[in-house]
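Opening the notebook on this one.

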Amino acid sequence: MRLIRAKDYNDVSRKAANIIAAQIYLKPDCVLGLATGSSPVGTYKELIAKYEAGDLDFSKVRTVNLDEYVGINHKNPLSYHAFMQEHLFSKVNLRPENVHLPSGNGAADAEAYDKAIHDAGGIDIQLLGIGRNGHIGFNEPADDFTYGTHVVTLTADTIEANARFFKSADEVPRQAVSMGIGNIMAAKCVVLVATGENKAKAVRDTIRGPITPRVPASVLQLHPCCVILTDREAGKLMLEE
Ligand code: GLP
């Protein structure tokens, strides 16, 4: 696991985009694992800028997203389908047939999603954000690590954190479909982006804490190719040690 403390959000975004761009240069038909939330938006902006400058070609790239809320219409702007359209898919030359997200229909599609990842040859590089409680994708703190794609009941902390996108916490869906920890660990490389002071504890627990499903991201300590990119604030507790 490598920690890179960047200056600020833009610096984190530029560095993450550079790593992903390198992956696309090395393997034009690579499988990118993608994430939602405010953390990766800057990375997507940087990738779009590289595409617009003629430096990146997404025509052969395949993508698989981490998660989707259960029971939300894909046209709803708060769905992760709509989020990805807005922040990346509609702005680069990704082919619609090459982008994949969990349908959000519940358990029925989970196995099909695992198969889709497997049939694509596995994930070459997985981009991750991190929840304040150390969740990745929607793998919430739990007694066990999950393996494959599954339905998750969101914790009160995550509902509260994600309420900022909805009119109120009451409107945040209570369930999601998420890739499992096994799917994420099977990615050849992982890039986790974390910014802001409210992520500092999760970052420290991820890197320095015990490996435990209570801090799902801590399992990344075992990943052979994992880069954690933080700004000064999210990385600040790593300075004390
Ligand atoms: C959601 C997503 C995660 C994301 C997390 C943090 O719960 N399912 O993939 O990492 O939020 O989001 P943000 O980057 O907005 O802080």
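Predicted model: local features only at pLDDT ≥ 70, side-chain atom pairs only at ≥ 80, totals over all residues.

Started with Arg164: an N or O atom in its side chain comes out 2.7 Å from an oxygen atom of the ligand.

How much of the ligand does the protein bury? I get 94% of the 390 Å² that the ligand exposes when taken alone.

Next, the other polar partners. Asp67 puts a polar side-chain atom 2.9 Å from a nitrogen atom of the ligand. For Ile130 I had to look at the backbone: one of its polar atoms there is 3.3 Å from a ligand oxygen atom.

I count 14 residues surrounding the ligand, and the closest are Ser38, Ser39, His135, Arg164 and Lys199.

What is the make-up of the shell: how many nonpolar, polar and charged residues? I sorted them into eight polar, three charged and three nonpolar.

Checked the pockets as well: the ligand sits in the largest pocket.

On to the cysteines. I found one disulfide in the structure. Cys189 and Cys225 make it, with 2.1 Å between their sulfur atoms. The torsion about their S-S bond is about 90°, so I logged the disulfide as right-handed.

Which parts does the pair tie together? Cys189 is in strand β9 (residues 189–194), while Cys225 is in the loop between α7 (200–208) and β10 (226–230), so the linked parts are 36 residues apart in sequence.

Methods. Residues numbered from 1 in each chain as written. Heavy atoms only, no water. Near = heavy atom within 4 Å. Polar contact = N/O pair within 3.5 Å; in protein donor to acceptor, adjacent residues only side chain to side chain. Areas by Shrake-Rupley, 256 points an atom, 1.4 Å probe, with all protein chains shown as cover. 1 Å grid on protein atoms, 1.4 Å probe; cavity = no way out; pocket = protein on both sides within 12 Å on 5 of 7 lines; lining within 4 Å. Sits in = over half its atoms within 2 Å of the grid points. Nonpolar A, V, L, I, M, F, W, Y, C, P; charged D, E, K, R; others polar. Disulfide = S-S within 2.5 Å. Helix = DSSP H or I, 4+ residues; strand = E, 2+ residues; numbered from the N terminus.
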